[in-house]
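Here is a briefing on one protein chain. Look over the sequence and the structure first, then read the points below.

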Amino acid sequence: MRRSIARCLGGLRSYCTDSGDGFHSSKLKIFDRHLKRKQRDRAAWLMKPKDSLVDTVAENLLDRLEDCKKTFPTALCMGGSLEAIRRLLHGRGGIEKLLMMDTSWDMVKLCKDAEQQMPTDNIETSYVIGDEEYLPVKENSVDLVISCLGLHWTNDLPGAMIQSRLALKPDGLFLAAILGGETLRELRIACTIALMEREGGISPRLSPLAQVRDAGNLLTRAGFTLPGVDVDEYTVRYSSALELIEHLRAMGETSALLQRSKVLKKDTALATAAIYESMFAAEDGTIPATFQIIYMTGWREHQSQQKPKKRGSATVSFQDLQKQFGSDGSC
């Protein structure tokens with residue numbers, strides 16, 4: 001197996017300017033991408049060898065490859081849970097060449113070192129330092145794009161998804177899992193109440209996340225065909241709010257808002273933990289944290305794919321169906 005590491009330099013192609021497909025880079029900046037890179041550097045050192053939540057999401061995402069009859073010889077895995085995807089791939093999708101990409105050098109090094117401990121699976125793996133917002137990948141160059149728990153930190157999510165589609169060959173598959181808007185709802189409630197009580201108002205503390213109703217529109221806007229969206233919620237129990245924060249740091253999922261406030265005051269932080277426990281703690285003293293995961297599937301257009309019929313091409317009217325199954329619409 002041949003492995004290589006390459007840095008994403010200015011000479012590599014990116015789609016940060018207007019393309020023929022109508023993509024423009026976003027001027028709206030919500031997240032501090034430099035801070036997020038540093039958080040992922042830290043997460044590479046704090047990450048657990050096997051995180052049950054991350055592994056579950058990665059498994060569910062990769063399971064979708066087993067539903068496909070075709071194979072994907074060339075794949076791009078970008079950002080998020082790189083190590084879990086590589087470790088749990090197990091030959092699914094018929095991947096022969098795999099490009100692993102992350103903004104964090106330490107995270108890429110972690111994945112490269114971890115791969116050396118894995119059984120040989122004859123997948124030619126390469127590594128690159130790159131950003132989901134400016135993909136260093138040529139058009140029509142890969143058969144599969146996978147992003148597990150990474151795209152929700154991009155400033156221009158539709159633009160990043162458009163770039164992913166452009167990187168795909170015709171009939172290529174896009175698979176992504178992102179955190180949904182109901183993630184950490186218990187912490188959001190506790191923090192809001194604590195801020196109101198201690199500081200007399202609220203300020204941005206937790207990052208905004210996409211809603212389930214937006215996911216289908218995102219896929220359609222990005223130009224994917226046969227879009228599919230489903231959602232799962234996982235509840236993880238912690239001994240304390242501090243353990244939850246430590247887990248988020250190890251996942252690289254702490255807030256990276258560009259317009260973030262100063263560090264949370266100590267008494268406000270303590271009040272948040274106390275409110276969290278008083279409102280949500282179970283009888284055994286543990287506290288729950290909800291993680292909503294939105295799974296998205298889309299394909300790059302190809303003539304072999306199913307297409308909707310033209311308007312007026314139906315051969316049976318709804319009136320005939322109503323007569324056949326009864327006027328009340330029941331079967």
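How are helix 1 and helix 8 oriented to each other? Helix 1 and helix 8 are roughly perpendicular, because their angle falls in the class from 65 to 115 degrees. (Under 35 degrees counts as roughly parallel, over 145 as roughly antiparallel and the rest as oblique.)

This is a predicted model, in which local features need pLDDT of at least 70, side-chain atom pairs count only at pLDDT 80 or more, and totals for chains, interfaces and linings use all residues. Residues are numbered from 1 along each chain as its sequence is written, and side-chain values use heavy atoms, with hydrogens and water left out.

**Helix 1 and helix 8**
- The axes of helix 1 (residues 33-46) and helix 8 (residues 241-251) come within 6 Å and cross at roughly 105°. (Axes are lines fitted to C-alpha atoms, for helices over the stretch in contact; angles run from 0 to 180 degrees between N-to-C directions.)
- Helix 1 contributes R40, R42, A43 and L46 to the contact, and helix 8 contributes R249, A250 and M251. (Contact means heavy atoms within 4.5 Å.)
- By class, this contact has four nonpolar, no polar and three charged residues. (Ala, Val, Leu, Ile, Met, Phe, Trp, Tyr, Cys and Pro count as nonpolar; Asp, Glu, Lys and Arg as charged; the others, Gly among them, as polar.)

**The whole chain**
- The protein chain has ten helices and eight strands. (Helices are DSSP runs of H or I with at least four residues, strands are runs of E with at least two, and both are numbered from the N terminus.)
- Of the 331 residues, 48% are buried. (Buried means under 20% relative accessible area, exposed over 50%, partly exposed in between, with a 1.4 Å probe and protein chains only.)
- Among contacts with a separation of 6 or more, 85% join residues 24 or more positions apart.

**Helix 9**
- T268, A271, T272, I275 and Y276 are buried in helix 9.
- They lie on the same side of helix 9, because they cover an arc of only 140° around the axis. (The arc is that of the directions from the helix axis to the C-beta atoms.)
- K266, L270 and S278 are exposed on the other side of helix 9.
- The buried residues of helix 9 pack against helix 6 (185-199), helix 8 and strand 8 (287-299).

**Y234**
- Y234 sits in strand 7 (residues 225-238).
- Y234 counts as buried because its relative accessibility is 16%.
- The C-alpha atoms of Y234 and T290 are separated by 5.8 Å, though these residues are 56 residues apart along the chain.
- Leaving out residues up to four places away in sequence, Y234 touches residues including L53, T56, F291 and Y295.
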